Amino acid sequence: MDKETDTTNWFSAVNSPEYFRTIGYELIDLLARELQIANSPLSEQKAIEWKEPEQMLSHWSDDFSSEQVSDPVTLFKEILSHSINMNRRGNVGHQISAPHPLSVITSMLMAHLNNGMGVYEVGMTGNAMEKIIIEKLVNLFNLPLSATGFVTSGGSLGNLTALLTAKALYLNKSPNTPLDKLAILVSDEAHYSIERAFAIMGIPVQNLIKVPVNSTFQMRTELLEGYYADACNEGKTVFCIVGCSCSTSTGAFDDLTSIALFAKRHDIWFHVDAAHGGPVIFSDRYKYLLEGIEDADSIIMDFHKMMSVPSLSTAVIFAQGWHSSLTFSQNAKYLWQDQQREEWYNSGKRTFECTKPMTVIHVYTLLRVYGQEIFQRQIELQYDLAKSYAKHISQIGHLELLCQPQSNIVCFRYVEINADLNEVNKQIQLAVIKEGTFYIVGTTSNGDYYLRISLMNTRTTLDDLKMLTKIIIRRGRELVKR
Ligand SMILES: Cc1ncc(COP(=O)(O)O)c(C=O)c1O
């Protein structure tokens, strides 16, 4: 057999539909069993099987150097058993969703199509779906008819994209402003991606003016005028203010109405980081938390957090749609012959990505199959659960809340007289993770360490969380006794 025929035959085995079907069905069976475990009682499952980094590296190094795999399903099993599984009900750590099973299926469809959406021809359906979903959000957020946007790869990139646009608009109007004079006002609790965006934009990080927060961790908007005046006196040009909806650490929603008024008064860009809290817009009971968002110049909202689709999928919306074309306008003649025209269907003209995955397929499908009820129910379930758990914490003794939860994020700590509370709570967190029924994280407020949970999984119940409380108190007592 000649080499070409041999290679052709070799690839026809690689591309075999029968092979795909066999392996695919086996994987689906495996994942369905995983879902069964996740739906079972807490006592029958673990959130995490903790391994030290070196131990994990050595496991996979051994695997990688062993003989070639003939059965990928064995490999899949290994990957599953050595990974944290977000669906397990004790997974209440970071703001990473337990994806709705249907969106795991759409991930496969997305991967199969592999439509790189930057150019219309390789994203015909995806670009149309994005326009429809963004228009739906524009409606829900009550933004002007001029608003448009797109989907991008994550909240960090979304924040960067919006801030780059604000900067580009400002420099278009005032081209002689030196970069090192540009400044932004933001809550002290803002996500680190804002600071990172600053570094990427080439603006000195000290020009990121952090406004203190009140006892409920919301930006102290009564201080804004003073901070603005100080910045002007120092020769800085404040071109943008960012509101948090909600903050990452404590889940606090800033007062967007006051921030919007301030932004209007000074004619500066108003960006809302609604990566985590944006989906409250689907709930009649909780959408009041976003009052004022209708006056934003730009908004980002992650679908992969509280809308439980696989990462990453983020909406970036601009009140004046044409602003979105300012950010990345450049020459790429091999992609788009007409550089000047705004064409919604060539989304790469406005996004950082060139080959952009069709992640909108997840939200589009969930809305088509379940309607917006799926997001409304999820928000209400998890925001209500956070409140119930906070009530339990304040009644149980030995535990202290950092603040009343405004979202699905609850921060609290174990308290004991004469104990080094920071050390004890760090040790509790570690002990909980190593025990494995729950995965929890921590946060620091004014130098004090708190345990932090994010309720992202629709399987987690109040009874599960009461079990977490028991484990924490038991661990706390053991640690203090030593
Ligand atoms: C408020 C906020 N903004 C932005 C981000 C960054 O989002 P991503 O992880 O999608 O980049 C996060 C992530 O937790 C967040 O909580």
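Biologist: How many bridges join S4 to strand S5, and in which direction do the two run?

Modeller: This is a predicted model, in which local features need pLDDT of at least 70, side-chain atom pairs count only at pLDDT 80 or more, and totals for chains, interfaces and linings use all residues. Residues are numbered from 1 along each chain as its sequence is written, and side-chain values use heavy atoms, with hydrogens and water left out. Strands (E, at least two residues) and helices (H or I, at least four) are DSSP runs, numbered from the N terminus; two strands pair if DSSP finds at least two bridges between them. Here 5 bridges join S4 to S5 (residues 269-273), and the strands run parallel. Cys-240 has Trp-269 as its bridge partner in S5.

Biologist: Is strand S4 enclosed or open?

Modeller: A residue is buried under 20% relative accessible area, exposed over 50% and partly exposed in between (1.4 Å probe, protein chains only). In S4 (residues 237-244), 8 of the 8 residues are buried, so the strand is largely enclosed by the rest of the structure.

Biologist: How many aromatic pairs does the structure hold?

Modeller: Rings of Phe, Tyr and Trp (its six-membered ring) pair if their centres lie within 6.5 Å; planes under 30 degrees apart count as stacked, over 60 as edge-to-face and the rest as tilted. The structure holds 10 such pairs. The ring centres of Phe-150 and Phe-318 are 6.2 Å apart and the planes are at 45°, so this pair is tilted. Phe-150 lies in strand S1 and Phe-318 in strand S7, 168 residues apart. Both residues are buried.
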